[in-house]
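Student: I would like to learn how to read a protein model, one feature at a time. Please give the general idea and then the case at hand.

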Amino acid sequence: MSTSTKAVQMDTMSVATPAVGADVTDVMTNGVNADMTANGTGATPKLKWSEKIGYGFGDFGNGFMFDLGQAYLTKFWIDVCMIPAGVVGGIFAFTKIFDAFMDPIAGASIDRRKNIGSRGKFRPVMLISSIILAILTVVTFMMPDLDMGGKILFAYGAYMAWGLVYSFTNIPYASLASVMTRDVEDRSQLATTRQAGSIGAQLITGVAFIPIVLMFDSPQHGYLIAAIVMSIIGVLGFAICYRTTKEHVPVKRNTKAESKVSFKDYVKVVFTNKPLLCLILMTLFTISAMNTNNAMMVFFCQYNLGNIALQPVVNGIMMGCSVVGILMIPKLVAKFGKKRTAIGGLVIGCAANMLNFFIPTNVYSFILLVTIGYVALAIPNGITWALVSDVIDYSEWHNGIRKEGTTYAAFNFSRKIAQAMAALVSALILSLTGYVANAIQSEMTLTGIKAAMTLYPGVALGLAALILWKLYDLSDERYKQIVADLSNGLWEKGKIE
């Protein structure tokens, strides 16, 4: 019988204890709270609801900066700055791919942090980066009086800088959940509050952004003021997250194995983690579907429905219902498990979007089906955050070294590529179907907008469901066994030293 298996069996009889010979500082590292309770998975902290809600405010703040670029920057560059749609697609694609390759650098940099104090490993980086990110968010909605070549270069530079700082904001925020708790129920609730924060930000920005823009005679001034307001709220969200959360999980830092880590080991952390690779592949489709939906909504309302003022109304209904829907995540996960709940949401989302494409455009049926599709997608997107924390623990158990930043950066790589895919789908369909800024659109263009809005998300969510069903094999039961080993200072092949 292996050492790790023995640890699992012992854990079912008593509360797990730190590995024999572990130094007290191993348990109290990073301001860790040693007040632990057993939950069938080894020693783990039980989080207060104030901390769970505080964590969700991080993605609430994140959404006030991230979602602006995904939903409104395309229209700002095309309709206000008059940059051709095909060029805008190229800007998004190139900068997102650039950002994707910057994520591993950001993750490795965060993982290499030494002399970690009572504020923890991730929270200080997250807070400082969020302030810089807010400034750059405003910069992306500025456009100097330049010729077309200058405008394009400015757009490239501003958005590349934004993406780099976003990596140093989002990676520590996402990694934070993995060191707050290992309790399965608490992680499900953290995923719920995070998704609630994200959808809440989408709801407010989706309802308020365009009305703020329309308050000004100059669209350029309107976009800038709206970006400033949203960015200030974004920083406040991260500040609340920073103030209300702590890194509780006792993690052995600077172990012998970690001190010898090379680039080859970083690659191993990612490419030997099958559950992570499955999430990466799935995310390419779920995030590209969501971002395409968000980017095309303003175009669909203005041209296919004939009234841009419908955009905040549709967003309000769609995202408001999503907030209610994701509150069901803990109960759904408790009844069906994370994997089956996520697959169910993806299948429903696929069906709603496909139906929305094939039936004739009607404002009422469109709102109904786009709402069902978005709520259905919000649930697996929320569950994904719990799955990411699980695969971080799996990586430590499987490889004997803990690299939260590197593991999450690999996952975030897929999100950046997905965002590039969404930008290409949105901008190139506009370009290929003959979109003309601020004009009456042809039937071909209207069909293209509808296809990007509904058909592409439908196909993408169907593929995501198939991937999760066939490839993801880290069950909740297996995860509990892994946590029991880690709580006893063990990995797959022995003791973590």
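Tutor: Start with burial: a residue is called buried under 20% relative accessible area, exposed over 50% and partly exposed in between (1.4 Å probe, protein chains only). Met318 has a relative accessible area of 0%, so it is buried. This is a predicted model, in which local features need pLDDT of at least 70, side-chain atom pairs count only at pLDDT 80 or more, and totals for chains, interfaces and linings use all residues. Residues are numbered from 1 along each chain as its sequence is written, and side-chain values use heavy atoms, with hydrogens and water left out.

Student: Where is Met318, and which residues is it in contact with, leaving aside neighbours within four places in sequence?

Tutor: Helices (H or I, at least four residues) and strands (E, at least two) are DSSP runs, numbered from the N terminus. Met318 belongs to helix α13. Contact means heavy atoms within 4.5 Å. Leaving aside neighbours within four places in sequence, Met318 is in contact with Asn293, Met297, Val370, Thr371, Tyr374 and Val375. The C-alpha atoms of Met318 and Gly206 are 9.9 Å apart, although 112 residues separate the two along the chain.

Student: How many helices and strands does the protein have, and what percentage of its residues is buried?

Tutor: There are 19 helices and 4 strands. Of the 497 residues, 60% are buried. Take the contacts between residues at least 6 apart in sequence: 85% of them join residues at least 24 apart.

Student: What is the accessible surface of the protein?

Tutor: Accessible areas come from the Shrake-Rupley method with a 1.4 Å probe, and for residues only the protein chains shown count as cover. The accessible surface of the protein is about 19000 Å², with 68% belonging to carbon and sulfur atoms.

Student: How do I read the two sides of a helix?

Tutor: An α-helix has 3.6 residues a turn, so residues three or four places apart point the same way. In helix α14 (residues 329-336), the buried residues are Ile329, Leu332 and Val333. They lie on the same side of α14 because they cover an arc of only 100° around the axis. The arc is that of the directions from the helix axis to the C-beta atoms.

Student: Which exposed residues are on the face of α14 turned away from its buried side, and what covers the buried residues?

Tutor: The exposed residues on that face are Lys331, Ala334 and Lys335. The cover over the buried residues of α14 includes α8 (184-214), α13 (310-326), α15 (338-358) and α16 (363-399). Leaving aside neighbours within four places in sequence, Thr192 is in contact with Ile326, Leu327, Ile329 and Pro330.

Student: What does a positive phi look like here?

Tutor: Most residues other than glycine have a negative phi, and most peptide bonds are trans. Gly337, which follows α14, has a positive phi near 90°. Met82 is a residue other than glycine, and its phi is positive, near 65°. Met82 sits in the loop between α4 (73-80) and α5, and its relative accessibility of 46% makes it partly exposed. Asn438 is not a glycine either, and its phi is positive, about 55°. Asn438 is in the loop between α17 and α18 (443-471).

Student: At what angle do helices α5 and α17 pack?

Tutor: Axes are lines fitted to C-alpha atoms, for helices over the stretch in contact, and angles run from 0 to 180 degrees between N-to-C directions. Helix α5 (residues 85-111) packs against helix α17 (residues 404-432) at about 180°, and their axes are 8 Å apart. That angle makes α5 roughly antiparallel to α17. Angles under 35 degrees count as roughly parallel, over 145 as roughly antiparallel, 65 to 115 as roughly perpendicular and the rest as oblique.

Student: Which kinds of residue form the contact of α5 with α17?

Tutor: The contact holds 18 nonpolar, 8 polar and 6 charged residues. Here Ala, Val, Leu, Ile, Met, Phe, Trp, Tyr, Cys and Pro count as nonpolar, Asp, Glu, Lys and Arg as charged, and the others, Gly among them, as polar.
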